[in-house]
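Here is a short briefing on one protein model.

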Amino acid sequence: MTVNKSCLFLIVIAGMERFVFKGLACNLVTYLTDVMKTSNSSAARTVSIWSGVTSMLPLVVAPLVDSYWDHYSTILASSLLYFLGLLALVSSTLYKQNPSSSSLYSSLYLISLGQGGYNPSLQAFGANQIEPQNELPTIENDRDPNNKSWFFQWWYFGICSGSLLGVSIMPNVQDLVGWGLGFGVSAIVMVMSIGLFLCGGRFYSYRQHKTVDINVSFFQKIIRAIKGLKSSEKSRLVELELEENPLFIKEDNNGVETGCSSDQNSSNSNHLFKIMKVIIRLLPIWTTLLMFAVIFQQPATFFIKQGMTMKRSIGKSYNIPPATLQSAITISIILLMPFYDKIFIPITRFILRNDKGITTMQRIGIGMFLSVIAMVFAATVETKRREASGSGFGRLSIFYLLPQYILLGVSDIFTVVGMQEFFYSEVPEEMKTMGIALYTSVFGVGSFLSALMVFLVERFTGSEEKNGNWLSDDMRKARLDKYYWMLACTSFLAFLGFLFLCKLYKPSV
């Protein structure tokens with residue numbers, strides 16, 4: 001496939017945004033415990049809930065982008081909100097000795113609101129840059145298997161590169177120089193990404209399939225969509241009529257609408273029905289992926305607190321910020337992504353006698369299984385850490401955590417890229433932003449589920465007198481090893497459920 005300049009341009013911009021977001025999110029739990037003075041469990045819940053809201057908002061914004069707005073304008077408006085949230089965070093950190101919880105949360109959720117429109121629109125806009133003859137095929141279309149995965153694979157490579165820089169550089173700036181400057185760097189990079197996006201306007205293709213006529217005002221369409229819910233019994237008849245005679249509404253010079261408004265009402269109602277039908281069909285697979293998203297939360301929460309109790313010194317004066325170990329995830333992705341294309345896929349093609357190597361569903365399943373193995377490693381290392389601290393032989397080196405980070409990076413190559421491709425391919429052409437939003441919503445609900453699990457574990461283990469709370473602030477009493485074993489077992493059950501549903505699922509044609 002010919003390399004598309006606009007795709008590469010947008011991949012760079014996506015990488016810059018990931019630098020900003022990961023630079024903020026990867027060390028947020030440390031900011032909450034050290035600056036805001038919250039407990040370990042409370043900080044983990046706060047980060048999980050914020051991550052959940054951030055990942056769920058695209059599911060709300062996506063139908064509006066697909067139906068009423070356009071990708072380009074949504075990206076610009078959302079990036080402005082994104083920057084305002086970062087600016088508010090910088091100001092509250094620099095000019096207040098003791099930042100209030102309200103100012104912190106308002107800044108964080110303004111960033112979430114901006115990202116809710118930014119991420120799915122940018123990725124769908126990038127996918128639309130591929131020329132129609134090179135359009136991404138569906139799961140069962142194997143005429144050109146390379147086209148199917150190229151965009152999502154290298155898009156993920158780009159955002160992982162940005163994430164690597166974010167988690168490698170920003171924790172050092174935040175811990176060694178100051179939180180105000182750390183957040184300020186993120187704001188500056190966001191401004192640079194907005195400028196770069198504007199500069200690339202001459203390269204972009206502005207194709208976008210609309211589900212309803214864009215000449216009608218946005219608020220009129222919202223009202224009609226609500227009214228259309230009351231006339232759902234007519235939707236099947238309207239669907240048949242639409243196939244033969246596409247409907248539209250225009251405005252004359254005086255702003256008076258012409259055409260059949262009742263048909264437009266039914267069209268909007270039919271579109272809502274179509275969205276619900278797609279979501280319901282994908283919901284079982286979507287549900288089994290939630291535990292993978294729960295594990296996805298651990299590097300930014302309890303892995304950090306685990307690392308803070310271990311030996312982190314290099315030389316006499318430098319201590320490794322635990323958050324920087326998250327760079328092992330992105331390094332493993334960047335290094336092994338070419339290995340996946342050049343070695344793994346050819347081997348699987350030869351073994352399975354399949355031109356595509358492995359299917360999208362098989363790719364997701366392999367990553368899910370690797371994430372279970374990562375949690376087994378995490379539980380084992382935590383057990384050794386507790387034994388070392390209690391035996392008097394000194395602290396365990398923080399580098400013992402590397403295998404679990406690397407395994408999560410390898411699992412991401414399989415599952416995360418596979419999820420993007422699956423949800424994008426399994427929705428109709430006019431709902432591609434919704435497909436991206438369904439993918440991000442897995443991590444949104446998974447973040448909420450992670451926060452709920454932390455609450456329940458703290459609730460039911462906090463009264464144990466002998467060992468104390470599994471998630472205690474005192475890491476000598478905490479039993480993170482039991483928590484990790486619990487995650488490994490529940491994730492394995494989700495993996496078995498995924499395998500069962502794969503046998504029943506029929507891909508869209």
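A cavity is a set of points, on a 1 Å grid over the protein atoms alone, where a 1.4 Å probe fits but cannot get out, and its lining residues have an atom within 4 Å of a point. This is a predicted model, in which local features need pLDDT of at least 70 and side-chain atom pairs count only at pLDDT 80 or more, while totals for chains, interfaces and linings use all residues. Residues are numbered from 1 along each chain as its sequence is written, and side-chain values use heavy atoms, with hydrogens and water left out.

**Cavities**

- The whole structure contains two cavities of 30 Å³ or more, a volume being the space filled by probe spheres set on the grid points, which are joined across faces, edges and corners.
- The largest cavity has a volume of about 880 Å³.
- Its lining consists of 42 residues, and Arg-18, Phe-21, Lys-22, Phe-296 and Tyr-439 lie nearest the centre.
- Among the helices (DSSP runs of H or I, at least four residues, numbered from the N terminus) that each supply at least two residues of this lining are H1 (5-25), H6 (145-176) and H11 (290-297).
- By type, the lining has 25 nonpolar, 13 polar and four charged residues; Ala, Val, Leu, Ile, Met, Phe, Trp, Tyr, Cys and Pro count as nonpolar, Asp, Glu, Lys and Arg as charged, and the others, Gly among them, as polar.

**Helix packing**

- The axes of H4 (residues 71-94) and H5 (residues 101-127) come within 7 Å and cross at roughly 155°; axes are lines fitted to C-alpha atoms, for helices over the stretch in contact, and angles run from 0 to 180 degrees between N-to-C directions.
- H4 is therefore roughly antiparallel to H5, a label for angles over 145 degrees, whereas under 35 is roughly parallel, 65 to 115 roughly perpendicular and the rest oblique.
- The contact of H4 with H5 involves 16 nonpolar, 12 polar and no charged residues.
- H13 and H15 pack at about 50° with axes 8 Å apart, so these two helices are oblique to each other.

**Salt bridges**

- There are five salt bridges in the structure, each a side-chain nitrogen of Lys or Arg within 4 Å of a carboxyl oxygen of Asp or Glu.
- One of them joins Arg-45 and Glu-458, whose closest N and O atoms are 2.7 Å apart.
- Because Arg-45 lies in helix H3 and Glu-458 in helix H16, the pair ties together parts 413 residues apart in sequence.

Notes: On a 1 Å grid over the protein atoms alone, a cavity is a set of points where a 1.4 Å probe fits but cannot get out, and a pocket is an open set with protein on both sides within 12 Å along at least five of seven lines; lining residues have an atom within 4 Å of a point.
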